[in-house]
Amino acid sequence: MLKNYLTITFRNLWKNKGFTLINIIGLAVGLATCLLILLFVMDEMGYDKYNTKADRVYRVDGDIQFGGNRMVCALAPDPMGPTMKKDYPEVEQYTRFRDFGGRFLVKKGNQNFQENRVQYADSSLFEVFTMPMISGDPSVALTNPGSIVLSESMARKYFNSQDVIGKSLLVNDTAIYKVTGVIRDMPAQSHFAEDFFISMSSNPESRQGMWVMNNFNTYIVLKPGTNPKLFSNHLNEVVEKYLFPQVQQMIGSSEKDFKASGNSAKYVLTPLTDIHLHSNKTGELGANSDIEYIYIFSGVAVLILLIACVNFMNLSTARSSNRAKEVGVRKVLGSLRSSLVRQFLAESIIVSLISLVVAVALITLCLPYFNALSGKSITVHFLSRPQWQLSLIGLALLVGLMAGAYPAFYLSAFSPIKVLKGMLSTGFKSGRLRSTLVVFQFSISIFLIISTIIIYNQLQYIRHKDIGFDREQVLVVQNADALGSRSKAFQTELMRIGGVENVTMTTFLPTNSNRSEAPMFMDPTLDQKRAISLQIWNIDEHYLPTLGMSVEKGRNFSEQFPTDSMGVIINEAAARLMGSTDPLNKNLYIPKDFQAPKSADNVLAYHILGVVKDFNFNSLRQQVTPLVFMLGSSPGNAAIRVHAANLPELVAYINNVWKAMAPFQPFKCSFMDDDFNHIYDAEQRVGNIFVNFAVLAIFIACLGLYGLVTYAAEQRSREIGIRKILGASAGNVARLLSRDFLGLVIISAAIAFPLAGWVMHRWLQDFAYRVGVSWWVFILAGALALIIALVTISFQAIKAALINPVKILKST
């Protein structure tokens, strides 16, 4: 019986090669797309699960409301981890990270190399995270001051060996660190990726005991059986016991007064495995993704697979007249309906299995391109795993059953008497379900077209929005603090170069990650009710003109006014928070020493010199927050505004100046507009992936539409011949075949428009600065869908209209 099914199946598939090819290509592209998305989703959802204690590790995150500003951060105070372990037996272990901050230049020979993946870490690091150590003792590797653990790549880079225990690294030409361990390179699926871990005891900040500063990424391991939701209540106890007494000491405010002023301080536990997809907070150790993208891509995968299945169903039922006589004869000869159902399902499953083989080949070919598009390193090694092979075969069987179920039961239900008497209406004269399925396909396609246009518009808006400063033609030389006392001479020398308009030396730039948040007060008594939480950046007098920032009120810093050292420039957001329309010459106050008790002698007063136009220094997902500029030395970078026609030559000249002043320090530079664009690499990648998948979905839908039009022309060939003999033109015949299908596309647009508008409106809410969902997007999407459908239909419709009617009538 099985042999008979297979023989009939392959005979039918070969007999209808054109439709078989359309079905196989449609299903193969649908399966390949679905599997690529599945691989992407599995990669995203697999972050940090390599850790053996992943289900018990939690990060302590802060949610601070103070001075009219809210900060949700992936950070906690220095004492949080040690205190949690000391006070609560449910905590098995803790560990902390503290960003090294500034430059980390490692000496090799006579040359320094800049390394960016560096963290201070507690000695308990290897008890919390799974980091296989190649050499060294993980229990003591980060115990002593001056200890450092390297990744195997860095060990090879600087020592050409992994046997480096006891050797030394010279950092920044001053600090010597002793290598006490070498670990395997960190997996790609980790929310942090570091090459150097320095003992926390080497960091003086780890011993300050400051509860009011959130600077440490803190992780705790809960003992087995501990309920994390119940345990998180203890965090409030810690805040009340330790944080509020320190707040009272600093600003003389009780916990009751602190909360009555609209301020709050609380901490929450974030599961380790949730960080990559559910956390985009200040102070993250790396760029994370978003669970919304997983939902979106998963939905797209299902929709594309459904479109491919609908194609199969449509073409199978459309060709029902060709199979009707076969069904009638087989039923007369005694075949049961169940036997016919199995026959048709076998055909569907075989097509699906062939499509799976083609899909796997497509994945193998397209995976390098997909990896480049998505920034992943997915490989095809999964094909060698038995569980994956069984899953793929199971998916093919499921798709075969889904796509073939309706045609099988539809075709097997034909009455043999009606079929053999020619009384059965088939083909396109009774295709209500088929029309519904075409509408379903094109509704999805139009939905994806609208979504693609809006995503593209938002990405373009981000790239070209006026963000309050001019990022074009600004060269940023990093690690300028390596120049030491020569930084001012370097700035002066650059100002003499033709093609250089201005130069500023600063650690703080809108496009880098260096930030410094602290409270200032509008009252010399440091009354917390008049506190403002804001960014405080040290800059020089060249900063604003170099970055093209606009002073809306007052003036810039000037060397001509020595008192400017006690002056500040605020942004418009800070002025609004102060509640003042004219803040010029008013004062802002700050403690000299945040750890000292509150007193009149512990207060510094800064007068406001100017108000600068708001500029974006965070992601455009966030509103501009209050900021203060102070006049001070902070030469972490050199930002150079240039206007030279030959930029490579100018950059080479600046490099020569650098080498003359810092011959053994690496020269590293970038253009500010590129740095800005890198901030949105994740959104750009997601947009590009979405565009590619949308094109594939439209291709599959058009493939099915082409097959239906081809069959419609075949089914109505006699009608077309008669119409042509009676005087119908080729245009009339083409319109006849196209009209019904184009009508279905218009119905699809009416369904897709409101759905896409609602979904995209929700997606855009994640951005504080966003484009609107304009009416022209829907018109354009509808027009594109009609044009695509018309082009798909027209070729076959015109071909049918140009056939000699005499040949048609002779053959029918």
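1. V477 stands opposite C669 of strand β25. Strand β15 (residues 474–478) and β25 run antiparallel and are joined by three bridges; two strands are taken to pair if DSSP finds at least two bridges between them. Helices (H or I, at least four residues) and strands (E, at least two) are DSSP runs, numbered from the N terminus.

2. The model is predicted: local features need pLDDT of at least 70, side-chain atom pairs count only at pLDDT 80 or more, and totals for chains, interfaces and linings use all residues. Residues are numbered from 1 along each chain as its sequence is written, and side-chain values use heavy atoms, with hydrogens and water left out.

3. An open sheet is formed by four strands in the order β16-β24-β15-β25, with antiparallel pairing. Its edge strands, β16 (500–506) and β25 (669–671), each pair on one side only. On average, neighbouring strands of this sheet are turned by 20 degrees against each other, direction ignored.

4. Two helices lie across this part of the model. Helix α16 (residues 487–495) lies across β16 and β24 (637–642) and runs at about 165 degrees to β16. Helix α20 (residues 672–679) lies across β15 and β25, at about 80 degrees to β25. Axes are lines fitted to C-alpha atoms, for helices over the stretch in contact, and angles run from 0 to 180 degrees between N-to-C directions; contact means heavy atoms within 4.5 Å.

5. The hairpin of β10 and β11 has three residues between the strands, and N172 takes a positive phi near 55 degrees there. Four bridges join β10 to β11 (residues 175–183), and the two run antiparallel; L170 stands opposite I176 in β11. Buried means under 20% relative accessible area, exposed over 50%, and partly exposed in between (1.4 Å probe, protein chains only).

6. In helix α3 (residues 80–87), the buried residues are M80, G81, T83 and M84. Viewed down the axis of α3, these buried residues fall within an arc of 165 degrees, so they line one face of the helix. The arc is that of the directions from the helix axis to the C-beta atoms.

7. A search of the whole structure finds 30 aromatic pairs. One of them is the edge-to-face pair of W763 and F767, at 5.3 Å centre to centre and 65 degrees between the planes. Rings of Phe, Tyr and Trp (its six-membered ring) pair if their centres lie within 6.5 Å; planes under 30 degrees apart count as stacked, over 60 as edge-to-face and the rest as tilted. W763 is buried, with a relative accessible area of 7%, and F767 is buried at 1%. Elsewhere, ring pairs link F469, F508, W537, Y543, F615, F617 and F629 into a cluster.

8. The charged end of R471 sits over the ring of F676, 4.0 Å from its centre. R98 lies over the face of F216, at 5.8 Å from the ring centre. The criterion is NZ of Lys or CZ of Arg within 6 Å of the ring centre and within 35 degrees of the ring normal.

9. I350 belongs to helix α12 (residues 337–374) and is buried, with a relative accessible area of 11%. The C-alpha atoms of I350 and G400 are separated by 7.6 Å, with the two residues 50 apart along the chain.
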